[in-house]
Amino acid sequence: MANKPAPDASRRSERSRRAIFDAALALVGEVGYDKLTIEGIAARAGVGKQTIYRWWPSKAAVLLDAFGSVVEEYDQVGLPDTGDLAADLKTVLRATADEFNDAAWQAPYRALAAAGANDEELSRTFVGRLMEPGTRVYVDRLRAAQEAGELDPDIDLRIGAEMLLSPFSQRWLMRTGELTHAFVDTLVDQVLRGLRPRD
């Protein structure tokens, strides 16, 4: 009788991690950050709480890794560069708007953002792990456009990226208007009008 292959521990661990991430994101959207517990995450994910504590020291660490797994994909790949800066920015920001309008993403992200407003350490970690990498890929794309002569050589690229991202975030966080493709297109066009080389 042939020996059965040993279970793949790495695959099992990855399935557990994914289940924990999904459970954490779902629960924080349902109950809020303050009421979220490691025990609740473990029960929803179908794992022991010791499994979670073996990998993460706190619920904040679980959530940040859950969101970070998405951000890291952008960080590794970067923004598209088709040679048309406006089109590339609109493509990515339209997709981001769709994502932020998805209730499955919106509820946990809002809960974490709200918690960060009252917790300086969480806020700093939130910015460092999630917002900073996202901003960096925009800075990199603007730099490529600047080097290609599409943008004014004297602009501050970081501020240029924030000119794109801050109105987007403000509208979403404060619910001052809908995040639509039309809004994204107008935002990109108006920001780039200020960043293009002067005649």
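## Helix 6

Helix 6, residues 103-117, comprises 15 residues and spans 21 Å between its first and last C-alpha, close to the 21 Å expected at 1.5 Å a residue (1.5 Å times one less than the number of residues). Helices here are DSSP runs of H or I with at least four residues, and strands are E runs of at least two, numbered from the N terminus. Buried residues of helix 6 include Trp105, Pro108, Tyr109, Leu112 and Ala115 (under 20% relative accessible area, 1.4 Å probe, protein chains only).

## Model and confidence

This is a predicted model, in which local features need pLDDT of at least 70 and side-chain atom pairs count only at pLDDT 80 or more, while totals for chains, interfaces and linings use all residues. Residues are numbered from 1 along each chain, and side-chain values use heavy atoms, without hydrogens or water.

The protein averages a pLDDT of 87, with 90% of the residues at 70 or above; pLDDT is the predictor's confidence in each residue, from 0 to 100.

## Annotated region

An unreviewed UniProt entry annotates residues 37-56 as "DNA-binding region"; such annotations may be inferred rather than shown by experiment. The chain over residues 37-56 is 75% helix and 0% strand, with its end C-alpha atoms 13 Å apart.

Note on methods. Buried means under 20% relative accessible area, exposed over 50%, partly exposed in between (1.4 Å probe, protein chains only).
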